[in-house]
Every structure is written in C-alpha cells, then in structure tokens.
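Have the sequence and the model side by side as you read.

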Amino acid sequence: MLDIETTVRGVLRDVLGLSDDRVAAFDETTPLFGALPELDSLAVAGVLTEIEDRLGILIEDDEVDGEMLESFGTLTRFAAQKVLG
C-alpha cells in the first residue's frame, strides 16, 4: 500500500505541478477535487491516465466519480483496490 501511496503522490506532484512539500503534507483526509485549484476537470483525465500508466491498471469511465476524487485517501484506496484486485 505504501508504494501505491507514493505513486499517487508522485502523480499528483508531476501532473498538477505541485511542490514536493505540499504533496508530502497530504494525509488521508486531504481534500482533492474542488479543493485543489490545480485539479480541475481537465486535469482529472491526466491524473487518472498517469495513475493507470504507473500502476499498470485500467480505470473504466464508469468508475470515475466525485467520491473517488474526494480526498487523497479515497483516491489512494481506489488505486490500491485496482492493483490488488
């Protein structure tokens, strides 16, 4: 799970152009979509595509919703469920 969390942090840093310090401060409850101005609807596609590429998973369109992107914790748990099956 730690590797997945590290990967998600890296994706948010790289795709959204966030600083290492800012991303390192994210915890389970850190809000994402609607709270990070960098994470707009266009950036969501880039973030999800990069998560797919780095973790070797496929995210279906019908799996993408506001709840999945609500917080750092929900996004990381979603990615972990995809990786672990």
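A crossing is left-handed if the near helix is turned anticlockwise from the far one by less than a right angle, and right-handed if clockwise. Helices are DSSP runs (H or I, at least four residues), numbered from the N terminus. This is a predicted model, where local features need pLDDT of at least 70, side-chain atom pairs count only at pLDDT 80 or more, and totals for chains, interfaces and linings use all residues. Residues are numbered from 1 along each chain as its sequence is written, and side-chain values use heavy atoms, with hydrogens and water left out.

Start with α1 and α4. α1 passes α4 in a right-handed crossing. The axes of α1 (residues 2-16) and α4 (residues 72-84) come within 9 Å and cross at roughly 120°. Axes are lines fitted to C-alpha atoms, for helices over the stretch in contact, and angles run from 0 to 180 degrees between N-to-C directions. That angle makes α1 oblique to α4. (Under 35 degrees counts as roughly parallel, over 145 as roughly antiparallel, 65 to 115 as roughly perpendicular, the rest as oblique.)

Now the side of α1 in contact (heavy atoms within 4.5 Å). Ile4, Glu5, Val8, Arg9 and Leu12 of α1 meet Phe72, Leu75, Thr76, Ala79, Ala80 and Val83 of α4.

Turn to α3 (residues 41-55). The axes of α3 and α4 come within 11 Å and cross at roughly 40°. That makes α3 oblique to α4. α3 passes α4 in a right-handed crossing. Leu48, Ile51 and Leu55 of α3 make the contact with Leu75, Ala79 and Val83 of α4.

Notes
Helices (H or I, at least four residues) and strands (E, at least two) are DSSP runs, numbered from the N terminus.
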